[in-house]
Every structure is written in C-alpha cells, then in structure tokens.
Amino acid sequence: MPKYTADNWPIACPMLLFGGLDSKGGPIQDAAPEEWDRQMREVSLMGFTEMDPLDVWVRVGDLSPERLDLFKQVMAANNLTIPGVSTSRKSLVDADRGADYLAYGHRVIDAAVLLGARYVSFGFFQATTPAQNAAIWFWLADGYKDSPDPEIYQLAVARVRELAKHAASVGIEITLEMYEDTYLGSSEGCLQFVQDVDHPACGLNPDFGNLVRLHRPLEPITEAFERMLPYTNYWHIKNYTRDFDPATGSYATHPVPLGGGYVNYRPIIARALELGFEGAFMVEHYGSDSLWNLAESREYLRSVLRTKLALQD
C-alpha cells in the first residue's frame with residue numbers, strides 16, 4: 001500500500017512566489033517572525049499544508065539556530081510542514097563560488113533535518129543573465145551552459161556524492177533538478193548523472209516543465225519520464241501551453257495550471273505510482289496570480305492521485 005492517501009500526499013507551495021522582501025521592503029531573510037507569519041498564513045489560508053521555503057525566499061541554511069527555531073514555530077502556528085527544501089541558482093561548479101555553494105549545501109541539509117524535511121533539491125543552473133532579466137519571461141533568452149570539460153563534470157559528480165553522503169548520514173535524501181543546458185538538461189543527462197553519482201540517497205527531480213517552456217525542440221515526453229521516474233524522489237511539477245508554427249519556425253509557450261497544459265500528467269503520475277513513487281511534490285507557476293494557480297494545480301494532483309490510487313486497490 002502507498003505511504004500516503006490522495007488527501008494527505010505532501011504537495012508543497014513554493015514560497016518564492018513572495019519574492020525576497022517583507023511588507024516593509026526589507027529582506028524577508030532578516031525579517032521579524034511576524035513577517036514570515038504574514039506570508040505563511042496566506043499560503044495556509046489557500047489550503048496548503050506543506051511549503052518549500054526555496055532560498056529565493058528564505059535561506060534556511062543561513063539562519064542562526066535561534067532564528068531557525070523561530071521559523072519552525074511560525075510554520076507550526078500555520079499548520080505547515082516542509083517535505084523538501086530547494087536551492088536555486090547556486091551551482092556546485094560555479095567558477096567563482098562553487099566551493100562556497102558546496103559548503104552552503106551542507107548547511108541546508110542540516111537545516112532541512114531540523115525542519116523535518118525529507119529532501120533537499122540541488123541543480124546546476126546559475127544566475128540569470130542581463131538578457132534573461134530583460135526578457136518578458138527569463139527562459140526566452142539563453143542562460144548559462146555547463147562546461148563540456150570532463151574534469152568539471154567529475155567535480156560536479158564528486159560534490160553531489162559528498163552531499164548525498166551527508167544527507168544519508170542524517171536520514172534524508174538529496175534530489176537533482178532537471179534544467180536546460182546543464183548536466184541535467186535532458187532525461188538522458190539526468191539518468192547518466194544520477195548513475196555516475198551512484199548513491200542511494202541521491203535521486204532525481206524531473207522538472208520537465210523547465211524544458212516544455214523553451215522555444216526549441218522537445219524530447220518525447222513519455223520516453224523522458226520513463227528514464228527519470230525510477231529515480232524520482234522529490235518532484236517540482238508545472239505545466240505550460242506550447243505551440244509551434246512550422247511555416248515560420250516560431251514557438252509560443254505560457255504558464256498554466258497542471259491540468260491545462262501541454263503535458264498530460266495523469267498517465268505520468270500513474271506510471272510513477274506503478275514504479276513505487278512515494279515522494280513529495282512541489283507545484284510551481286510563474287506570472288499572473290501564482291498562488292491561485294498553485295492551489296488549482298494542487299487540487300488537480302489530488303484528483304489524479306485519488307483516481308489512480310483507487311484503481312490500484
């Protein structure tokens with residue numbers, strides 16, 4: 001029997017939707033607990049029982065022990081738990097700060113344990129470029145690309161394995177986020193990398209939406225997930241509309257709730273369950289009323305889980 005039911009399966013809200021500022025315009029990282037409460041309470045009022053702090057919002061790995069305890073108290077007051085803690089744009093092989101980000105990754109793992117999380121998500125995507133910052137959607141401009149140098153690839157593998165060993169020693173797991181033009185930029189790349197890391201506490205975060213939104217050819221969806229799902233433990237999940245005009249070669253994509261986009265997640269989630277997936281989801285959305293869209297995606301996930309789990313009985 002699965003570990004969860006459709007009604008209590010952990011589906012987290014990403015707190016990055018609030019950005020990095022409090023109500024007074026200061027950094028939420030350094031804000032009073034009342035400011036954390038204001039934003040957590042809104043998430044809770046929208047029906048979420050889980051959240052992912054995501055370090056675009058609060059870097060839990062950089063909170064003092066006293067502040068981390070306060071953070072946990074505010075979570076509890078809002079009936080929120082954290083299944084996973086995600087890092088963003090802190091590549092372990094960043095040419096200037098890779099070693100710093102490795103040390104930071106260890107701090108995040110320790111903080112995640114204290115917050116009751118089961119997973120910490122890492123990726124190799126780096127800071128957005130000026131062109132990306134100027135675009136209407138940042139993914140419409142090319143960003144950082146991982147080096148083809150075998151030595152840097154092996155450094156990436158070694159640093160991820162180091163984090164996986166740490167995670168295993170404290171009873172949790174790490175996960176690797178799929179992202180274009182990185183070592184995890186395709187399903188084959190994800191599969192190869194996790195196999196090269198070769199550690200039971202290292203899985204995949206098959207964030208295929210990161211590829212769907214791009215204005216470029218897309219690998220076959222079913223085959224991509226068939227490669228990644230056996231290793232999936234924490235899942236950032238989002239959807240986009242996607243259109244292509246062969247006459248002009250132009251693409252058009254736009255964020256939408258999970259049930260209304262290009263990817264039909266119903267059979268994919270069914271396949272994940274068949275393969276024994278018992279990890280957590282984090283729903284994502286960019287633009288418009290993100291919180292409303294995230295709640296819609298959460299309910300879509302619960303409806304799919306309800307149907308597919310019933311069919312397993």
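Q: Are Phe124 and Phe193 buried or exposed?
A: This is a predicted model, where local features need pLDDT of at least 70, side-chain atom pairs count only at pLDDT 80 or more, and totals for chains, interfaces and linings use all residues. Residues are numbered from 1 along each chain as its sequence is written, and side-chain values use heavy atoms, with hydrogens and water left out. Buried means under 20% relative accessible area, exposed over 50%, partly exposed in between (1.4 Å probe, protein chains only). Phe124 and Phe193 are both buried.

Q: Which geometry do the rings of Trp235 and Phe277 adopt, stacked or edge-to-face?
A: Rings of Phe, Tyr and Trp (its six-membered ring) pair if their centres lie within 6.5 Å; planes under 30 degrees apart count as stacked, over 60 as edge-to-face and the rest as tilted. Here the centres are 5.6 Å apart and the planes stand at 80 degrees, so the Trp235 and Phe277 pair is edge-to-face.

Q: What is the relative accessible area of Trp235?
A: Trp235 belongs to an aromatic cluster whose members include Tyr4, Trp9 and Phe277. Phe277 is buried at 7%. Trp235 is buried too, and its relative accessible area is 0%.

Q: Which ring lies under the charged end of Arg298?
A: A charge sits over a ring if NZ of Lys or CZ of Arg is within 6 Å of the ring centre and within 35 degrees of the ring normal. The charged end of Arg298 is 4.4 Å from the centre of the ring it sits over, that of Phe48.
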